[in-house]
Amino acid sequence: MADSSVDSISQDQRSAAIAPKRSSARARLRGGIAVACSAFLLTGCIASGFPYAVFEEDAQPADELPSELPAYAGDGADLETARFVGEYDDSSLWLMRGAEKTDICILAWQDEAAWVLGCGFASGPVGIGGMAGEFTVLPDGMPAPEGTTQVSENVYAHG
């Protein structure tokens, strides 16, 4: 019979030989998870900035809202952050931050009888419609909605 002493390893010896390999693999796995979690958290912090460059500029006189805008219009919007972004047909358009800091708002204004202001999540899209027109707001760098006319970096007119 052939000598099988080379093939015979006790269970204790096998466990002792495998344990360092498992510990090393677990340490690498834990390290990989830690790196992934750190990257996720850092990306979340960077990506959490407000995605509208128009608010990086200082307010200008043109950014002032119409004096006829009713006071209740500011219930969901931070009117102090308004930025004029253009005109379409007979409507003047402003973007502003929402009362909730994660919101964006748009005002389309023709006169005190024809205006609409709407707010939604800044990650968009946010749409409004009324007598002053129908518009969509998108964050910087988003593709234009189909069938729209670009009014500014973030505002698109329908129709």
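Y52 is found in the loop between α1 (11-47) and β1. The structure is a predicted model, and every value below is computed from it.

Along the chain Y52 and P139 are 87 residues apart, yet their C-alpha atoms are separated by 5.8 Å.

How many aromatic pairs does a search of the whole structure find? The search returns 6 aromatic pairs. In one of them, F50 and Y52 are tilted, with 5.3 Å from centre to centre and 45° between the planes. Ring pairs also bring in F55, so that F50, Y52 and F55 are linked into a cluster. The face of F50 has a charged neighbour as well: R97 lies over it, at 3.6 Å from the ring centre.

A further pair is formed by Y88 and F135. Why is this pair edge-to-face? The ring planes of Y88 and F135 stand at 90°, and planes over 60 degrees apart count as edge-to-face; the centres are 6.1 Å apart. The pair links distant parts of the chain, since Y88 belongs to strand β1 (residues 83-88) and F135 to strand β6 (residues 133-137), 47 residues apart. Y88 has a relative accessible area of 18% and is buried, because the limit for that class is under 20%. F135 also counts as buried, at 1% relative accessibility.

**The disulfide**

In the whole structure, 1 disulfide is found. The disulfide joins C105 to C119, with an S to S distance of 1.9 Å. The link of C105 and C119 is right-handed, with 105° about the S-S bond. It connects distant parts of the chain: C105 sits in strand β3 (residues 103-111) and C119 in strand β4 (residues 114-121), 14 residues apart.

The accessibility values are collected here.

| Residue | Relative accessible area | Class |
|---|---|---|
| Y88 | 18% | buried |
| F135 | 1% | buried |
| D89 | 69% | exposed |

**Backbone exceptions**

Most residues other than glycine have a negative phi, and most peptide bonds are trans.

D89 lies in the loop between β1 and β2 (91-97). With a relative accessible area of 69%, D89 is exposed.

P125 lies in the loop between β4 and β5 (126-130).

**The largest pocket**

The largest pocket holds about 150 Å³ of space. Which residues line the largest pocket? Its lining is made up of A59, Q60, D63, E64, L65, L79, E80, T81 and A82. Sorted by class, the lining has 4 nonpolar, 2 polar and 3 charged residues.

Note on methods. Residues numbered from 1 in each chain as written. Predicted model: local features only at pLDDT ≥ 70, side-chain atom pairs only at ≥ 80, totals over all residues. Heavy atoms only, no water. Disulfide = S-S within 2.5 Å. Helix = DSSP H or I, 4+ residues; strand = E, 2+ residues; numbered from the N terminus. 1 Å grid on protein atoms, 1.4 Å probe; cavity = no way out; pocket = protein on both sides within 12 Å on 5 of 7 lines; lining within 4 Å. Points joined across faces, edges and corners; volume = space filled by probe spheres on them. Nonpolar A, V, L, I, M, F, W, Y, C, P; charged D, E, K, R; others polar. Phe/Tyr/Trp six-rings, centres within 6.5 Å; stacked < 30°, edge-to-face > 60°. Buried < 20%, exposed > 50% of the residue type's maximum accessible area, 1.4 Å probe, protein only. Lys NZ or Arg CZ within 6 Å of the ring centre and 35° of its normal.
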